[in-house]
Amino acid sequence: MKKLFILLMILAAVCFVGVWIYQTQWLKKNAQAPIGKGQVVMNWGLIILFVIGLVGTFTAPSTKTSAPAEHHPANEHATKVSKAQSSSESAAAASFSSSQSASSSSSATSSSVSSSSSSQLQVDFPTDVSLNKTGDATVSFKAPANTQFEIKDSNNNVVTTLNGNAQGADQTYNFKKPGKYHVTAHNGDQTIDKDLTVRGIGQ
């Protein structure tokens, strides 16, 4: 719209200048001739058109500057929403990945502990006994079949070795001296160590 007013103003100015030059030359040649009403109307019409174009140029809204101003906030809002959604999806993916890693790590740890526990040799015997009035302390060793026990004193000397049996029956040993003993159980490639204390009579 603004371009139309500018074009109108330019055309009116050009026509007015052209008419003014023509009328000036015509009056010089015909000094006695009267000025016609048509010339006056034309002059005033061109002046009015020029004024309209001039006023319209300064008052008409500019479509080029207003259009981007109207659409820019919407585009900016859409960009912000898109970035927010992208960040949210990335955070969700990272959280899911972390939970999966933690879950798999926990499962691996639990599996390892369970495997270690199930593969460890299980033996059972009292670790703190006292000699009776006759100076004896009989200890019963419970273990899976074919389990061998090696008993050493505090000086690391082998006191006795109990060979396991295929039935897995309890094995016993009668201690005569108080002191600290170290018991090692063997069954295939499995080994377990425990300490055993034998106290004196009445202790």
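Mentor: Happy to; we'll take confidence, the sheet, a few residues and the salt bridges in turn.

Trainee: What kind of model is it, and what do the cut-offs cover?

Mentor: It is a predicted model, where local features need pLDDT of at least 70, side-chain atom pairs count only at pLDDT 80 or more, and totals for chains, interfaces and linings use all residues. Residues are numbered from 1 along each chain as its sequence is written, and side-chain values use heavy atoms, with hydrogens and water left out.

Trainee: What pLDDT does the protein chain average?

Mentor: The average is 76, and 67% of the residues score at least 70. pLDDT is the predictor's confidence in each residue, from 0 to 100.

Trainee: Where does pLDDT stay under 50?

Mentor: Residues 66-71 are one such stretch, and the model has one contact beyond four places in sequence for them. Residues 110-118 are another, again with one contact beyond four places. Contact here means heavy atoms within 4.5 Å. Where pLDDT is low, the predicted coordinates should not be read in detail.

Trainee: Okay, on to the sheet. In what order do the five strands come?

Mentor: The order is S1-S7-S6-S3-S4, in an open sheet with mixed pairing. Strands (E, at least two residues) and helices (H or I, at least four) are DSSP runs numbered from the N terminus, and two strands pair if DSSP finds at least two bridges between them.

Trainee: Which strands are at the edges?

Mentor: Strand S1 (128-130) and strand S4 (158-162), each of which pairs on one side only. From one strand to the next, the twist averages 25°; axes are lines fitted to C-alpha atoms, for helices over the stretch in contact, and angles run from 0 to 180 degrees between N-to-C directions.

Trainee: And S3 with S6, parallel or antiparallel?

Mentor: Antiparallel, with six bridges joining S3 (residues 148-153) to S6 (residues 179-187).

Trainee: What does S2 pair with?

Mentor: S2 pairs with strand S5 (residues 171-175), in the antiparallel sense over five bridges. Val139 stands opposite Tyr173 in S5. The covered face of S2 has Ala137, Val139 and Phe141, while Thr138 and Ser140 are on the uncovered one.

Trainee: Switching topic: is Phe5 buried or exposed?

Mentor: Phe5 counts as buried, because its relative accessibility is 19%. The classes are buried under 20% relative accessible area, exposed over 50% and partly exposed in between (1.4 Å probe, protein chains only). Phe5 lies in helix H1 (residues 2-29). Leaving aside neighbours within four places in sequence, its contacts are Ile52, Gly53, Gly56, Thr57 and Ala60.

Trainee: What about Asn187, what does its side chain reach?

Mentor: The side chain of Asn187 reaches the backbone oxygen of Ala145 at 3.0 Å. That is a polar contact: a pair of N or O atoms within 3.5 Å, where within protein one must be able to donate a hydrogen and the other to accept it, and residues adjacent in sequence count only if both atoms are side-chain atoms. Asn187 is in strand S6, and at 19% relative accessibility Asn187 is buried.

Trainee: Which residues have a positive phi?

Mentor: Asn146 is one of them, with phi near 65°, in the loop between strand S2 (137-141) and S3. Asn156 is another, near 70°; Asn156 sits in the loop between S3 and S4 and is exposed at 54%.

Trainee: Last topic, then. How many salt bridges are there?

Mentor: Three, counting a side-chain nitrogen of Lys or Arg within 4 Å of a carboxyl oxygen of Asp or Glu. One is Asp128 with Arg199, whose closest N and O atoms are 2.9 Å apart. Asp128 lies in strand S1 and Arg199 in strand S7 (residues 190-199), so the pair ties together parts that are 71 residues apart in sequence.

Trainee: And the others?

Mentor: Lys176 and Asp136 meet at 2.4 Å, N to O. Lys176 is in the loop between S5 and S6 and Asp136 in the loop between S1 and S2, so parts 40 residues apart in sequence are tied together. Lys176 is exposed at 52%, whereas Asp136 is buried at 17%. Lys152 and Glu150 also form a salt bridge, at 4.0 Å, N to O.
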